[in-house]
Amino acid sequence: MKKILLSVLLSAPLWVLGQGFQVNLQGQKQIGMAGAGSALALDEASVFYNPGAVTFLEKNSVSAGVNPLLFKSAFKQSGSNVTEDVKNKIAPPFEFYAVWGPKSNKWKLGLGVYTPFGGLVDWGDNWSGKYALTSLNLKAIYFQPTLSIKITDRIGIGAGFVYNHGDVNLQRALPVNYPDGRSGHVTLDGTGTGYGWNAGLYIKTLSNISFAIVHKSKVITKLDGGTAEFDVPNSLRTSFPAGNTFNAELPLPATTSLGVGIPLSKSTVLAFDASWVQWHIYKELAFDYATNTSALADTKSARNYHDGSSFKLGINHQASEKLALRAGVGYAFSPVQDGYVTPEAPDADRYILSAGLGYTPTRHFEVNASFFFEDVKSRKQKNIETGLDGTFKTLVYAPGLSLTYKW
């Protein structure tokens with residue numbers, strides 16, 4: 001019982017940290033190119049993709065967008081022919097950007113509010129892995145004020161301070177039963193904050209080929225005063241104290257990206273991004289509980305992630321003065337090693353496909369739409385903490401829409 005209970009609490013934030021929803025849903029134009037675009041001064045989403053490119057934007061602007069995200073995951077337990085699916089729930093990652101600067105374009109100020117991690121997963125109360133997880137609801141919002149400076153007519157640098165606010169609610173069954181046969185239940189709630197930075201260099205050569213170097217720092221997110229509420233029979237309440245709280249630190253990794261933009265014609269540009277995600281900082285997950293019992297002690301659990309990476313290729317074609325068309329492909333390598341895959345983060349290497357379009361009805365307004373798809377490879381795993389043994393298969397769908405006003 002002690003081992004199973006501890007695994008409940010140890011697994012809570014893993015979904016935040018996995019590759020799972022780290023899918024670059026931060027700008028509709030870039031999403032339409034599979035997340036490539038750090039070496040292109042496309043729009044105000046450069047606040048996220050490359051702060052050094054922001055000062056090369058010709059106009060001031062504000063934009064807002066949303067990407068309803070559908071996470072479709074299936075699990076087949078080893079030795080079973082039954083496939084169990086998550087319930088259909090839609091998470092709404094969003095982005096908001098504002099960019100302003102003088103007409104000389106020597107410098108610009110920017111603000112980004114976006115959700116790099118977030119979503120919903122609900123396996124139901126009676127699936128075979130209910131003692132590992134029944135549902136999870138995560139919201140992580142980043143706030144990034146930014147300054148971008150044009151050093152020369154072809155070189156820009158920029159940096160932004162990042163503040164992270166996140167909320168997580170995780171639920172799962174407990175292997176204890178009421179007289180009527182129903183299982184016990186635990187709900188974990190936590191709120192965390194963290195700080196970091198995002199800096200970039202943008203270079204446009206005489207041949208109009210552009211290059212980018214971008215570094216997003218690690219963000220150590222602190223969960224203080226998270227609550228663990230247990231629904232168990234009265235005979236077990238002393239082992240499952242009501243209103244217990246915990247503190248923890250969760251390391252979100254640094255990411256370094258190299259980008260290149262290659263003009264194929266006056267109306268068409270190719271973008272390529274390679275990113276190195278430094279997951280090696282995630283060695284263990286530790287919890288400090290306010291109240292300890294024989295079934296609940298302060299814990300440390302090894303994670304031993306390795307670094308991940310991704311490669312993305314996109315194209316942007318200006319079909320007419322008002323219409324732009326986009327497409328992209330990519331591939332991402334998972335940082336989650338064998339033995340650490342969980343229902344919160346059924347992670348594996350993945351293929352990325354995307355498409356998008358933009359329409360400019362007037363000189364002030366622009367509408368952009370995108371569709372993002374990930375095919376996560378099937379992965380057979382036995383989790384070292386929970387013992388859950390089977391094969392996961394996941395697909396991710398994320399249509400998106402944004403509206404921009406420029407002046």
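When I speak of a contact this morning, I mean heavy atoms within 4.5 Å of each other. With that in hand, residues 24 or more positions apart account for 68% of those contacts in the chain that have a separation of 6 or more.

A word on where the numbers come from. This is a predicted model, in which local features need a pLDDT of at least 70 and side-chain atom pairs count only at pLDDT 80 or more, whereas totals for chains, interfaces and linings use all residues. Residues are numbered from 1 along each chain as its sequence is written, and side-chain values use heavy atoms, with hydrogens and water left out.

The chain averages a pLDDT, the predictor's confidence in each residue from 0 to 100, of 88, and 92% of the residues score at least 70. Over residues 1-18, however, pLDDT stays under 50, although the model has 69 contacts beyond four places in sequence for that stretch. Where pLDDT is low, the predicted coordinates should not be read in detail.

Turning to the overall fold, the chain has 4 helices and 21 strands, which are DSSP runs numbered from the N terminus (helices H or I, at least four residues; strands E, at least two). The radius of gyration, taken over C-alpha atoms, is 23 Å, which agrees with the value near 22 Å that a compact globule of 407 residues would have, the rule being 2.2 Å times the number of residues to the power 0.38. Along the principal axes, the C-alpha atoms fill a box of roughly 75 × 45 × 35 Å. Of the 407 residues, 55% count as buried, that is, under 20% relative accessible area, with exposed meaning over 50% and partly exposed in between (1.4 Å probe, protein chains only).

Now to some individual positions. Is Asn 67 buried or exposed? Asn 67 counts as buried because its relative accessibility is 0%, and it is found in the loop between β1 (61-66) and β2 (69-77). Leaving aside neighbours within four places in sequence, Asn 67 is in contact with residues including Leu 25, Pro 92, Ser 370 and Gly 400. Another loop residue, Gly 129, has its place between β6 (107-122) and β7 (135-152), and it counts as buried because its relative accessibility is 2%.

Next, the aromatic rings. A search of the whole structure finds 20 aromatic pairs, where rings of Phe, Tyr and Trp (its six-membered ring) pair if their centres lie within 6.5 Å, and planes under 30 degrees apart count as stacked, over 60 as edge-to-face and the rest as tilted. The rings of Phe 75 and Phe 392 have centres 4.7 Å apart and planes at 45°, so this pair is tilted. The pair links distant parts of the chain, with Phe 75 in strand β2 and Phe 392 in strand β21 (residues 389-406), 317 residues apart. Both Phe 75 and Phe 392 are buried.

Elsewhere, ring pairs link Phe 48, Tyr 49, Tyr 97, Tyr 114 and Tyr 142 into a cluster. The charged end of Lys 216 sits over the ring of Phe 48, 4.4 Å from its centre, by the criterion that NZ of Lys or CZ of Arg is within 6 Å of the ring centre and within 35 degrees of the ring normal. Arg 182 likewise has its charged end over the ring of Tyr 178, 3.7 Å from the ring centre.

Finally, Ser 309 is found in strand β17 (residues 308-318).
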